[in-house]
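Student: I would like to learn how to read the way parts of a protein meet. Where do we begin?

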Amino acid sequence: MRSLILAVLLLPLAAKAAEQPADKALIERGKYLARAADCVACHSIEGGAEYAGGLPLVSPFGTIYGTNITPDKEHGIGDYSADDFFKAVTQGERKDGGKLYPAMPYTSYHLLKREDSDAIYAYLMSLEPIAKPSPKTELAFPFNVRFGMTFWNMLYKNRVQLEAADGKGEEWQRGQYLVEVLGHCGECHTPRNAVGALQQDLRMSGGVILGYEAPSLLAKDLAERGWTTDDLSTFLKHGISDQGSVFNEMYPVLHHSTQYLPQDDHRAMATYLLGEQPPEPRKIVAVAEAQLGESAARGRQQYLNVCAGCHGAEGEGVPHVAVAMNGNTTLRLADSRNLLRVIDDGIRAQQFTGFERMQPMPGFRDKLDDGQMRDLLNYLRQTWGGLDGEVGPERVAELRGEAPSH
């Protein structure tokens, strides 16, 4: 009799113990999904607590601040239910009914699976609450009227749709979900119209973010820049490959998100972007100095003056110091926007996976006048970028004139 009573008393405890592994598994899956969705990049500031908000997101309409999404009840999402969270993430609507701005990529997340949203919610709710208010977003009229987002949403909220997967393999389909939904890559790599909506007819053909180009991710354009499925998988994992290294707005994506994903995910994303039968990558043969145009020939001396010390006289690069020029994808972009920006602005020291790192690159805006910059751009483009023609002085002046303030 005593044994029977004891068994009855222990039943609730046994049931609770059986539930715990499932809860832990859900939280672990949510952590992985939050990484894949790159939530921390926009909801954290450098040196601050993860998910505590405060990151300024600069837009043509003003600065929007990433919010606190820790389970703090006053400043975070502590009073959100799983339903409230799903509605905010996929529909752009807060618990209080206020509309979110599409800096929060609900235009891609509206395709998020409910079970994935619930897992992310479980993970966020398992974090330590941080009582940190986010700076208030203040946009100029009429963009400061959040009710106006009701009409914007009617036109644009659900325009991102997935391509039919008929006949596609499981890896391609997995990559599609990672790229188009969780990773929301199209939010940066697609141009936007005058009211900030994605131009779906130009999807993944490239956009401009803070003066830098987020290059086209179309298969034909990736192949034109020398990408293979293996190289792209490596790039997503380590941030560095034969085509160069991540920089600018792509570095936080690697730092907070893609490096933590399993190898199968990197391969799936690369397979989706390049296709199950990827196009042949374009090979570049370095152009001899005698074949360079007039401006590019002058640029050789500028290269030796300011670049060769780190990147090598023949563009071979130095491991852990500077990437090679030969085969570098930035040199192969038709528009030299990114190349000019990097030379002008420099790049901070970057830590990649393992022991791989790149030393800081100084900016040369105050060292090169427009004519010298033009010559250097043309030398790099023609010698190692495989590009014909020359960048004109007007384009150099235009790009420098629109450089964002630092």
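Tutor: With contact, which means heavy atoms within 4.5 Å. Here 23 residues of domain 2 are in contact with 21 residues of domain 3. This is a predicted model, where local features need pLDDT of at least 70, side-chain atom pairs count only at pLDDT 80 or more, and totals for chains, interfaces and linings use all residues. Residues are numbered from 1 along each chain as its sequence is written, and side-chain values use heavy atoms, with hydrogens and water left out.

Student: Where do the domains of the protein chain lie?

Tutor: Domain bounds come from an automatic or database domain assignment. The chain is divided into domain 1 (23–141), domain 2 (170–274) and domain 3 (289–401).

Student: What area do domain 2 and domain 3 bury between them?

Tutor: The size of an interface is often given as the accessible area lost when the parts come together. Buried area is that loss with a 1.4 Å probe, summed over both parts. Domain 2 and domain 3 bury about 1800 Å², 55% of it on carbon and sulfur atoms. On the domain 2 side, Tyr212, Glu213 and Phe247 lose the most area to domain 3, together 30% of what that side buries.

Definitions and conventions. Buried area is the accessible area (1.4 Å probe) that two parts lose on being put together, summed over both.
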